[in-house]
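Hello,

I am handing over the structure we spoke about.

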2 protein chains.
Amino acid sequence: MSAFPSSLEVLVEKFASLPGIGTKSAQRLAFHFLSLPDETAQSFINALQEAKNSVRCCTVCQNLTDSDVCAICSNPRRDERVICVVSDPKAVAAIERSHEFGGVYHVLHGVISPLNHIGPDDIRIKELVTRVAEKDVDEIIMATNPDTEGETTARYIARLLQPFNVRITRLAYGIPVGMSLEYADDLTLMRALEGRQAF
Amino acid sequence: MSAFPSSLEVLVEKFASLPGIGTKSAQRLAFHFLSLPDETAQSFINALQEAKNSVRCCTVCQNLTDSDVCAICSNPRRDERVICVVSDPKAVAAIERSHEFGGVYHVLHGVISPLNHIGPDDIRIKELVTRVAEKDVDEIIMATNPDTEGETTARYIARLLQPFNVRITRLAYGIPVGMSLEYADDLTLMRALEGRQAF
């Protein structure tokens with residue numbers, strides 16, 4: 001027999017089903033939650049409910065938003081003719097933090113990954129193609145992650161978009177700023193050499 | 001401007017307010033939650049709500065329960081005359097797992113900790129004293145954690161219960177089963193020597 005009441009057991013199970021949370025952490029989280037003052041606990045519950053109810057995908061770029069068209073797509077100062085293609089909303093947040101990009105995004109919500117049974121139709125590629133076909137787009141910047149799956153996805157999309165009169169580029173590979181060369185892996189160093197630029 | 005919709009930002013904040021969850025983990029949890037199918041997400045929300053609504057403290061032993069008197073206290077086969085005093089419900093669960101204890105518990109919900117401004121009145125000590133005064137208790141087993149605060153709390157309670165005709169014991173200190181002596185700290189070894197038993 002468990003020493004915990006069943007509703008607490010259920011709560012621990014739910015927390016344990018979240019990624020990166022083991023049974024011990026789940027227990028700690030459940031106890032913490034129960035120890036919260038009523039209104040703090042309620043506002044946690046409300047935040048979950050509210051996010052689940054209101055967050056959806058932008059009809060233009062597929063980024064997460066709580067309106068029909070996201071804040072970036074509806075901003076008239078963003079250049080609609082430059083589309084940066086990323087795998088997920090976290091990448092949008094990362095690029096926005098750099099304050100360097102004035103175009104718009106397209107969020108794929110995944111990458112092609114045959115091992116995980118994710119094909120081109122399982123991510124938002126056709127929405128991108130429709131967008132390029134219907135709108136006046138100058139440049140597509142592929143900004144999927146620099147790993148095998150991100151690379152494959154980028155190549156697949158680049159080939160798909162070839163018929164359209166659009167420039168396709170991708171983020172530069174190279175040494176991360178502040179990194180010691182000593183710790184750079186061979187592939188990164190090779191790419192950094194290949195992509196060397198004039199001073 | 002944040003690239004996330006505000007309800008998502010709020011959700012990330014809420015997750016980040018949980019113990020041991022940093023901003024990156026909170027983001028991952030929030031995205032994971034949003035990606036859940038509607039009914040899975042709803043059952044997570046319901047589990048939180050249900051636990052918060054139904055879990056309270058047992059009127060006898062103060063352990064968490066979803067009825068008035070917990071399953072252990074209301075079990076007629078448990079010996080009410082032996083009370084094991086622990087600091088929190090997790091300790092009850094740990095002792096129950098050993099299947100070695102047939103008595104009942106008293107959960108203090110904390111330990112005396114002057115540094116954290118927790119005095120004897122902030123934890124459930126007076127409930128224990130009332131219990132010992134009103135009921136026929138043979139033995140009180142102090143099972144607070146073997147650290148300074150747990151020790152202090154145990155001593156404080158032991159002194160408080162001296163006027164009553166009750167045996168007060170505490171868990172044995174010693175080498176944990178399966179541990180290599182090499183890694184035992186000095187204090188544990190000292191306690192293990194002090195408490196040595198005849199073969």
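In chain B of this predicted model, four strands form an open sheet in the order 4-3-5-6, with parallel pairing. Strands here, like helices, are DSSP runs numbered from the N terminus (at least two residues of E for a strand, at least four of H or I for a helix), and two strands count as paired if DSSP finds at least two bridges between them. Strand 4 (103-107) and strand 6 (167-170) of chain B are the edge strands, each pairing on one side only. From one strand to the next, the twist averages 25°; axes are lines fitted to C-alpha atoms, for helices over the stretch in contact, and angles between N-to-C directions run from 0 to 180 degrees.

Strand 3 (residues 79-86) of chain B runs parallel to strand 4 of chain B and is joined to it by five bridges. Within this pairing, B:Ile83 has B:Val104 as its bridge partner in strand 4 of chain B. Helix 5 (residues 125-134) of chain B packs on the sheet and touches strand 3, strand 4 and strand 5 (139-142) of chain B, where contact means heavy atoms within 4.5 Å. The direction of helix 5 makes about 145° with that of strand 4 of chain B. Helix 6 (residues 148-161) of chain B lies across strand 3, strand 5 and strand 6 of chain B, at about 170° to strand 6.

Chain A also has an open sheet of four strands, with the order 4-3-5-6 and parallel pairing. Strand 4 and strand 6 (167-170) of chain A each have a single partner strand, so one side of each is left without a neighbour in the sheet.

Strand 3 (residues 79-86) of chain A is joined to strand 4 of chain A by five bridges, in parallel. A:Val85 stands opposite A:His106 in strand 4 of chain A, and its bridge partner in strand 5 of chain A is A:Met142.

On conventions: residues are numbered from 1 along each chain as its sequence is written, with chains lettered from A and ligands numbered from 1 in the order written. Local features need pLDDT of at least 70, side-chain atom pairs count only at pLDDT 80 or more, and totals for chains, interfaces and linings use all residues, while side-chain values use heavy atoms, leaving out hydrogens and water.

Regards
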